[in-house]
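Colleague: Could you walk me through how to read a fold, one feature at a time? I would like the general idea for each feature and then the case at hand.

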Amino acid sequence: MNIHEYQAKEIFRQYGVPVPRGQVAFTVEEAVDAARNLGGSIWVVKAQIHAGGRGLGGGVKLAKSLDEVREWANKILGMTLVTHQTGPEGKVVHKVYIEEGADIQKEYYLGMLLDRALEMPVMMASTEGGMEIEKVAEETPEKIVKVHIDPAIGFQGFHGRQLAFGLGLAKEEVGPFIKFAQALYKVYMDKDAEMIEINPLIKTGDGKFLALDAKMGFDDSALGRHPDIVEMRDLSEEEPTEVEAKEHGLSYIKLDGNVGCMVNGAGLAMATMDIIKHEGGEPANFLDVGGGANPETVAKGFEIILKDPNVKAIFVNIFGGIVRCDRVANGILEATKITDVNVPVIVRLDGTNADEAAEILKNAGIKNIISATDLADGAKKAVEAAK
Amino acid sequence: MSILVNKDTKVIVQGFTGKEGTFHASQCIEYGTKIVGGVTPGKGGQEHLGQPVFNTVKEAVEATGATVSMIFVPPAFVADAVMEAADAGIELAVIITEGAPVKDMMYAKAYATKKGMNTIGPNCPGIITAEECKIGIMPGFIFKKGPVGLISKSGTLTYEASNQVVKEGLGITTAVGIGGDPIIGLSYKQLLPMFEADPETEAIVMIGEIGGDLEIQAAAYIKENISKPVVAFIAGQTAPKGKRMGHAGAIISGGSGTAAEKMAALEAAGVKVVVSPADIGKAVKEVMGK
């Protein structure tokens, strides 16, 4: 789960990670009030969406008067912001963050995530602040300093020194930087973060470090113990069909093709997309119905897949283990009664009670249900039917 | 022969009397697995599925001599359960539970490693030595005995692969579902040498997916150390970047962890990589020269 910049900064503040003062606003008036409350003579109006590259897309603007705050808030609120992370359709901006201007002397990058190979968190810093870190990693990897932090010992001074001196900080800057990094580590661990990215982290004219931007993602499996984080969830930032699917115990991701897929198990669901492509088609979605493929979930699956007007055929690929195929077959029949399935459905059921399932489908005699003998046969028939 | 578990392996179940634990433990017993007891705190002294229930893993191990634990406790208690097993001298913990927090697994695995306990999972179907011992939730009948070792991140794809191998007239020595979480226990790199050393295993199938670099590590290991033929399939060739594909660990982040790079690394290591998941069985037969 991801949160907005203003929410991440709220968490930072609780942990003593320095951030500029700021206030979130949902309307133009609120934006102007926020700027007035903050005081000063320079503000930044920042679009709040869950995607990077907002500045380049025109979602971050400097205002030198309250009138300019009004002007920019008016422009940004309601705009469709397109960045390299939003996809071409962009995202509508529903709120802006009004922040006091900062005296930027130098920009850095600071990020944290799990190193899966070493099974411990890694903190990464770079002098190339404001740049995309993936790009820096590719083009000038020597400009990224990494330290791995064994949770058994936590964030120690030496971790901080390795980063600070690696960034070439001056002697008097090392202390404040270590304090900053230490607090960030605590945020990461306490909140079960999956990743934190501060880009840029800035050094101000008076030698302080401030998180000018903040991006945070959380481990979904740990949300149960973080009701405060769950409250920060912004459903308008998530794909509505994906949210709906999740509510029904389905895992759905929309893709661009025309062959809908309904599969049990994430690995087999990915493999099903792959074989459709291999047979010359394009998958329309990823859909894992999970372990309990009953009539209701199967019906919901059809309904969600068919919300996508591109879908011309659906490939149901179930390998029954604990799930019995005959129950799935009945589920499919039930589903066709609940939901109007108006495209060919190619059904491949294998594993537990597969023969009984085949019999059930055959006897039902529904004209747009096509049986397949195995994975390859099913994929071929589905691709053919979608043409 | 086989790897890790066989007909003599003594197994306890943590979360024995719960709904999932009960259902799957009884299926395992039916398959022939030596389930010698279970642990449910507060229910010690009772009997369940004809086996004794203990309050702690320590008591269970002392009374039964079990070396393996199958874990079905709810996600929030997984780390505790794994650490308890490690502390009690269990040699292998098979963690079936889905949705354990990553941070918990980081601590639990570090402790297990310190105590010399192997883990499989979490969020996995478990391990099965065909026709001898099933520790997990897979449908046993798909796994016929034969000469092929199987390592997979995905549950249903494990069944699919085994089914194909069996349809080719071959079968399975041991199949291990390693799970698709960001932090997992035994992985390809630790399991490959076990299959290499197992005289009954003649070929190895490895099924991977997008995310992380375990398959890349495996490729480097295979190149130097594995003489038996290996067939691989990587799921998620068509997966978009930055989207989590069902499994917590199945995500292409920052352009790395793609199927393409894993397939290339494995191919360069001499592995027979199949593009279509329908070709796994055929490829195994081919590399075995049968």
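Modeller: Happy to! Let us start with burial: a residue counts as buried when its relative accessible area is under 20%, and as exposed when that area is over 50%. Keep in mind that this is a predicted model. In strand β1 (residues 10-14) of chain B, 4 of the 5 residues are buried, so β1(B) is largely enclosed by the rest of the structure.

Colleague: Which strands pair with β1(B), and in what sense?

Modeller: Strand β2 (residues 34-39) of chain B runs parallel to β1(B), and 5 bridges join the two. B:Gln14 has B:Val39 as its bridge partner there. Strand β5 (residues 68-71) of chain B also pairs with β1(B) in the parallel sense, over 4 bridges. In that pairing, B:Ile12 stands opposite B:Ser69.

Colleague: What kind of unit do β1(B), helix α1 and β2(B) make?

Modeller: They make a right-handed β-α-β unit, with α1 of chain B spanning residues 19-31.

Colleague: Now a helix, please. Which residues of α2 in chain B are buried?

Modeller: In α2(B), residues 57-64, the buried ones are B:Val57, B:Ala60, B:Val61 and B:Thr64. The way to read such a list is to look at directions around the axis: these residues cover an arc of only 95°, which puts them on the same side of α2(B). B:Glu62 and B:Ala63, on the other side of the helix, are exposed.

Colleague: What do the buried residues of α2(B) pack against?

Modeller: Their partners in chain B are β1, β2, β4 (51-54) and α3 (78-87). Just after the helix comes B:Gly65, with a positive phi of about 75°.

Colleague: Chain B also has an open sheet. What is its strand order?

Modeller: The order is β9-β8-β11-β10-β12-β13-β14, 7 strands with mixed pairing. To find the edges, look for strands that pair on one side only: here they are β9 (133-136) and β14 (272-273) of chain B. β9(B) pairs with β8 (residues 126-129) of chain B in the antiparallel sense over 4 bridges, and B:Cys133 in β9(B) is the bridge partner of B:Thr129.

Colleague: Where does helix α9 of chain B pack?

Modeller: Helix α9(B), residues 280-287, packs on the sheet and touches β10 (145-152), β12, β13 and β14 of chain B. Its direction makes about 160° with that of β13(B). Helix α7 (residues 214-225) of chain B lies across β12 (203-209) and β13 (230-235), running at about 155° to β12(B).

Colleague: On to chain A. How many helices and strands are there?

Modeller: Chain A has 13 helices and 19 strands. Its C-alpha atoms fill a box of roughly 80 × 50 × 40 Å along the principal axes, and buried residues make up 54% of its 387 residues. For a view of how the chain meets itself, take the contacts with a separation of 6 or more: 69% of them come from residues 24 or more positions apart.

Colleague: Which strands form the open sheet of 4 strands in chain A?

Modeller: The order is β2-β7-β3-β4 of chain A, with antiparallel pairing. β2 (22-25) and β4 (60-63) of chain A stand at the edges with a single partner strand each, so one side of each is left without a neighbour in the sheet. Direction ignored, neighbouring strands are turned by 20° against each other on average. Within the sheet, 5 bridges join β3 (residues 43-47) and β7 (residues 96-100) of chain A, and A:Lys46 has A:Tyr97 as its bridge partner.

Colleague: And how many aromatic pairs are there over all chains?

Modeller: The count is 6. To classify a pair, compare the ring planes: those of A:Phe155 and A:Tyr185 are at 40°, with centres 6.0 Å apart, so the pair is tilted. A:Phe155 lies in the loop between β10 (144-148) and α5 (157-166) of chain A, and A:Tyr185 in helix α6 (residues 171-190), so the pair ties together parts that are 30 residues apart in sequence. A:Phe155 is buried at a relative accessible area of 8%, and A:Tyr185 counts as buried at 9%. Ring pairs also link A:Tyr108, A:Phe177 and A:Phe209 into a cluster.

Notes
Residues numbered from 1 in each chain as written. Chains lettered and ligands numbered in written order. Predicted model: local features only at pLDDT ≥ 70, side-chain atom pairs only at ≥ 80, totals over all residues. Heavy atoms only, no water. Pairing = 2+ DSSP bridges. Contact = heavy atoms within 4.5 Å. Axes fitted to C-alpha atoms, helices over the stretch in contact; angles between N-to-C directions. Buried < 20%, exposed > 50% of the residue type's maximum accessible area, 1.4 Å probe, protein only. Right-handed = clockwise from strand over helix to strand, strands pointing away. Arc of directions from axis to C-beta. Phe/Tyr/Trp six-rings, centres within 6.5 Å; stacked < 30°, edge-to-face > 60°.
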